[in-house]
Amino acid sequence: MKIAVLGAGAMGSLYGGYLSRKNDVCLVDVWREHVDAINARGLDIDEAGGSITHVSPRAVTSAQDAGEAGLVIVFVKSINTAEALESAAALIGSETIVLTLQNGYGNGDDIARFVPRERVVVGTTSHGCTMRGPGHIFHAGSGPTHVGALGRVQSAARTVAAVLSESGFETDCSGKVMELVWGKLFVNIAINAVTALLDVPNGFVQSDGHARECAALLVREAVEVANASGMSFDADAEIENALAVAVNTGGNCSSMRADVLARRRTEIGRINGAVVKKAGELGLDAPYNRMVSLLIGCREDTYLN
């Protein structure tokens with residue numbers, strides 16, 4: 001299959017790299033040094049066990065140079081989804097399937113502005129990956145990938161699952177993928193804003209009593225909103241899971257903290273802000289998530305304005 005990966009950061013490079021062993025893959029990214037390095041030398045993936053996987057996908061800085069694809073995988077930052085797809089119209093044809101494995105909530109709806117809902121597939125990934133330099137990434141951890149159709153018909157999701165599985169990704173197709181998206185969102189809600197505001201590693205969220213209570217309040221409120229929208233989560237279980245992830249990734253720097261340290265715009269609007277938006281649609285309020293969204297907005301104002 002011809003596949004285009006829109007956004008070739010660490011995760012986009014990982015998926016594109018592995019997929020290129022069985023498919024015609026083109027990575028699309030604005031980082032010229034990364035693109036040039038991949039085209040000149042290929043992509044090196046340092047595995048957690050010490051081995052190195054070398055793959056050779058094609059890479060371009062313009063979607064026009066990639067051309068139409070059968071599958072487009074979106075890995076840009078969630079706040080840039082609509083803008084990225086608008087500029088990447090050359091990738092999308094009448095049968096193109098678009099998959100999002102991005103963080104946050106609402107990416108599928110953004111994609112559905114450009115592709116019919118029956119060809120939009122949303123999902124979550126348990127893989128961990130970081131950049132080591134142009135043409136070089138570190139694959140820190142593996143885990144399952146879950147995908148499901150945004151609409152009711154699962155045929156596009158089954159196609160995606162088959163392609164990913166063939167390339168070595170443990171993948172399942174779920175008719176309840178939005179529950180998985182919410183589940184991952186709860187983890188990000190517990191960790192990202194708290195660590196970004198306090199400038200601490202993930203493990204602090206569990207080890208410090210004050211931070212732990214903040215995370216629990218945020219997640220409990222988000223669960224209430226999710227359940228009001230038709231889900232059936234157990235708040236205590238989701239809090240426990242989020243804190244377990246904080247422990248398991250204890251020394252890691254969350255993506256939102258990394259954005260603040262690098263003076264970039266964060267994905268707060270697709271994480272805590274997504275809870276605030278969904279609450280408003282349901283006639284509810286989410287004051288804890290609203291507060292941390294405002295506080296992160298204040299941090300952004302100090303370096304973006």
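User: Where is A246 placed?
Analyst: A246 lies in helix 10; helices here are DSSP runs (H or I, at least four residues), numbered from the N terminus. This is a predicted model, where local features need pLDDT of at least 70, side-chain atom pairs count only at pLDDT 80 or more, and totals for chains, interfaces and linings use all residues. Residues are numbered from 1 along each chain as its sequence is written, and side-chain values use heavy atoms, leaving out hydrogens and water.

User: Is A246 buried or exposed?
Analyst: A246 is buried, at a relative accessible area of 0% (buried is under 20%, exposed over 50%, partly exposed in between, with a 1.4 Å probe and protein chains only).

User: What does A246 contact, beyond its neighbours within four places in sequence?
Analyst: I191, N202, G203, V205 and Q206, where contact means heavy atoms within 4.5 Å. The C-alpha atoms of A246 and I191 are separated by 6.9 Å, although the two residues are 55 apart along the chain.

User: OK, how do helix 7 and helix 10 cross?
Analyst: The axes of helix 7 (residues 177-198) and helix 10 (residues 235-248) come within 9 Å and cross at roughly 60 degrees. Axes are lines fitted to C-alpha atoms, for helices over the stretch in contact, with angles from 0 to 180 degrees between N-to-C directions.

User: Which residues of helix 7 make that contact?
Analyst: G183, F186, V187, A190 and I191, meeting E238, N241, A242, V245 and A246 of helix 10.

User: New topic: where does helix 7 bend?
Analyst: At N188, by about 30 degrees; that's the angle between axes fitted to the seven residues ending there and the seven starting there.

Definitions and conventions. Helix = DSSP H or I, 4+ residues; strand = E, 2+ residues; numbered from the N terminus.
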